[in-house]
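Student: Can we go through this structure together? I'd like to start with the charged side chains and then move on from there.

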There are 2 protein chains.
Amino acid sequence: MEISDIFLNTALNDPKLEVMNFLNEIALNFPDAISFAPGRPPDQFFDIESTEDAIMEYSRYLARHSPNSWNIATLGQYSRTNGLICELICELIRNDEGIYCKPEDIIVSVGAQEALVLCLQAFCGRPNEVVLTIDPAYAGLSGAAVFLGVEIAGVPSGSGGIELVELEAIVNTLHGQGKRPKLLYLSSDFANPSGMTMSMTTRIELLKLAARLDLMIIEDAVYNYFCYEAEKLPTLKSLPGGERVIFISSFSKTIYPGLRVGFAVVDQMVTHEDRSPTPLSYELSKFKSMISVNTSSISQAIVGGILIANNNSLKRYVANRVARLRTARNAMAMALRNAFPAERTVTWSIPSGGFFLPMKLPKPLDKESLRTCAQRYGVIWTPMSYFLLSNAPSADIRLSFSYPEPETITEGIGRLSAWIRDL
Amino acid sequence: MEISDIFLNTALNDPKLEVMNFLNEIALNFPDAISFAPGRPPDQFFDIESTEDAIMEYSRYLARHSPNSWNIATLGQYSRTNGLICELICELIRNDEGIYCKPEDIIVSVGAQEALVLCLQAFCGRPNEVVLTIDPAYAGLSGAAVFLGVEIAGVPSGSGGIELVELEAIVNTLHGQGKRPKLLYLSSDFANPSGMTMSMTTRIELLKLAARLDLMIIEDAVYNYFCYEAEKLPTLKSLPGGERVIFISSFSKTIYPGLRVGFAVVDQMVTHEDRSPTPLSYELSKFKSMISVNTSSISQAIVGGILIANNNSLKRYVANRVARLRTARNAMAMALRNAFPAERTVTWSIPSGGFFLPMKLPKPLDKESLRTCAQRYGVIWTPMSYFLLSNAPSADIRLSFSYPEPETITEGIGRLSAWIRDL
């Protein structure tokens, strides 16, 4: 049967919706190319063989905690909407992120992505409600906004991680247009796609400004463990003023993405005119129950077992991947220095953590640039235009160093520099 | 921090959003009551211990099919948006449902629920676009409509499964109001909550009428394996005219719900004015990539392993649960006959399959009825008002016989009849 596209939601024509599929599938289309495109964690650290051990570890924990009602089969059953492993995650973020909350404040989500969808629809579900994001933006945030029909506005990052003067001006302009900016989405550390980290001063000032502008903040912390310098700055959530922050993270980078387990820390209360206050986490669970019903209990058990076996800290568990990615980042930095020793028309910045290195080329790229580079030079990357809210041509690209081996990175940067020189 | 509810999406105040949480949590609130409330599959058939075996079975299959690129760690990686096990599901529905499609027509979703969300937002994402459903409606459909802000309209089921004359009248009325009814959601077999099955004549006539009214149909088939009579009727999707049907199902009832794996068969093409046609399954993948990114590859591997081990048919795999549920249904039917031998003010109908038996009590229930019955009589059930689009008081209740042991069912119906007599 044929259906005309005019019968369908026009949002489906928005190119922002194709970025995730692009990232999931580009490497399959060019299997021989060296890929700096998707931000995949390196899979040699995934311990799929220990799945059963992790499930059993979690089962034993549950048997100790609720010996009368526990039975392994209940792991397969429908379960609590907001999740089974909230206590363990609560201890994890206390230990690793300095965030103190109650287990009831945690929502276990289908990756960080579902948590974004919940927040966008809860805070920006009405016409004229706007989500703000650093521009270039995480593709999952702008795509979720397109999916839900939520208006999105960009704020430049500048050198401190976000331009606060611009943020205030944009909020005022939106108010002047009868719009209601309500949420600000960002990553304080090692952002995707820019690699940026927010300075300490900016963190403190941002929280004050958000209170003044009555903005809720979503702090996406999925790269937080991947810090390659001596010390990571504290999360927004853990700082004074952090009560207006919803902290979102995921086990996709620390354990593995195939689990599809993320979480949100939602410790705000909702007041009602006609009844007593309810936890915001409960309000969001109503939406979650209509998207995923609940997060896979098998996936939660695998995460739970790994958390228990690691005393609710993942710092040691991820130490070998962090070391590997630090080496990878250093290899990419050195290869770039060697490839462009005195070039002034090609610039890049070295991130202090995360998966991504942003690079500016001598001239704006067109639609064919990536295909040409992949086919003739054997290397792929992501055009920064995929992440810019404007869809304007851009001379910037995102290089991901998270997946290839360090020696492959050196080879890949060699191929990339050959292409750039021929541009 | 306190947030006023007027700052949030007003949809969060809709009681339709609380039904899933109610069903997930009611049994926890009354642990000593006999529960006829949620439609849970009986968990003694869940084979959690064989999780690793199933993953390994699927891994060996992949190793045979793509020996060069296969590596078990890739099971943990981000994967194809529309799923990994589409070929296996394609064979499954050919064998068990008589549905012929291509693997590319399958979307593996986070339960059937995510597939509903995708379809609602793709077909009814604009103001005035309406989804139709049999009323009383599946709570996940009406809740998803509330979550997305999609208007919903009910059609009575009548004796044939859906009142076709009423359906046409409702569609015409909506058109007269400037609205666009676009989707019709239903279960042809053993519907939740009514237990209804659609007659063969109605199936054939419905497909003709849907073509005339230009309605797409979502056929939710999650209870299809649970047929307690000699022969199940063919699905709408497999009949002439089935090309306008999107077939949705799930492994929650046949394997276990904790996997959160369902699927949709989407074999329509989308035409565009300015470019060549695209598969509707691809268009929907753009939305899916912004909700769940992809369905858990570990959960897909468990399903895949079980399908391979069962030659892509689940009929034998579920035979023992079907037998158990047939016994449970019969036990409930007999207990009801014994409890109300000559009563004319209490009526019920015996479903030919599925998990649910609908019952009409002598008078409409109020908000306290369920709590009273749970606390004083030790039995819980679901008010049919939770599923009715009008939220009007109703004398109907839904009894689920899927979870308790048959002897517990007899005891539970005894308690229920004591409460009804005291009403």
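Student: Is A:R60 buried, partly exposed or exposed?
Tutor: This is a predicted model, and in it A:R60 is partly exposed, with a relative accessible area of 44%.

Student: And which residue does A:R60 form a salt bridge with?
Tutor: The partner of A:R60 is A:E57, with the closest N and O atoms 3.5 Å apart. A:E57 is partly exposed as well, at a relative accessible area of 22%.

Student: Where do A:E57 and A:R60 sit?
Tutor: They are in helix α2 of chain A, residues 51–65. Because they are three residues apart there, about one helical turn separates them.

Student: What about A:E151, what does it pair with?
Tutor: A:E151 forms a salt bridge with A:K179, and the closest N and O atoms are 2.8 Å apart. A:E151 lies in strand β5 of chain A and A:K179 in the loop between α6 and β6, so the pair ties together parts that are 28 residues apart in sequence.

Student: Is A:K179 buried or exposed?
Tutor: Buried: A:K179 has a relative accessible area of 19%, and the cut-off for buried is under 20%. A:E151 is partly exposed at 30%.

Student: How many salt bridges over all chains?
Tutor: The count is 38.

Student: And how many cross the interface of chain B and chain A?
Tutor: Two. The side chains of A:K286 and B:E18 meet in a salt bridge, at 3.7 Å from N to O. There are also 53 residue pairs in polar contact between chain B and chain A, counting pairs with both residues at pLDDT 80 or more.

Student: How much area do chain B and chain A bury between them?
Tutor: About 8500 Å², with 59% of it on carbon and sulfur atoms. On the chain B side, B:M1, B:Y78 and B:M290 lose the most area to chain A, together 11% of what that side buries. In residue terms, 96 residues of chain B are in contact with 96 residues of chain A.

Student: Why do you say the copies meet through the same surface?
Tutor: Because 100% of the interface residues of chain B are also interface residues in chain A.

Student: What rotation superposes chain B on chain A?
Tutor: A rotation of 180 degrees, with 0.0 Å of shift along its axis and an RMSD of 0.0 Å. The two copies are thus related as by a two-fold rotation axis. B:E52 is the residue of chain B that comes closest to the rotation axis, with its C-alpha at 2.9 Å.

Student: New topic, strand β3 of chain B. Which way do its residues point?
Tutor: B:I106 and B:V108 point one way, B:I107 and B:S109 the other, and all are buried. In a regular strand the side chains alternate between the two faces of the sheet.

Student: What strand is β3(B) joined to?
Tutor: Four bridges join β3(B) to strand β9 of chain B, residues 262–265, and the two run antiparallel. The bridge partner of B:I107 in β9(B) is B:A264.

Student: And B:I99, where is that?
Tutor: B:I99 is in the loop between α3 and β3 of chain B. B:I99 is buried, at a relative accessible area of 2%.

Student: What does B:I99 touch?
Tutor: Leaving out residues up to four places away in sequence, its contacts include B:C90, B:I93, B:T235, B:F247 and B:V265.

Student: What is phi of B:N128?
Tutor: Near 75 degrees, a positive value in a residue other than glycine. B:N128 is in the loop between α4 and β4 of chain B and counts as partly exposed, at 39% relative accessibility.

Methods: Residues numbered from 1 in each chain as written. Chains lettered and ligands numbered in written order. Predicted model: local features only at pLDDT ≥ 70, side-chain atom pairs only at ≥ 80, totals over all residues. Heavy atoms only, no water. Least-squares fit on C-alpha atoms with pLDDT ≥ 70 in both. Contact = heavy atoms within 4.5 Å. Buried < 20%, exposed > 50% of the residue type's maximum accessible area, 1.4 Å probe, protein only. Pairing = 2+ DSSP bridges. Buried area = accessible area lost by both parts, 1.4 Å probe. Salt bridge = Lys/Arg side-chain N within 4 Å of Asp/Glu carboxyl O. Polar contact = N/O pair within 3.5 Å; in protein donor to acceptor, adjacent residues only side chain to side chain.
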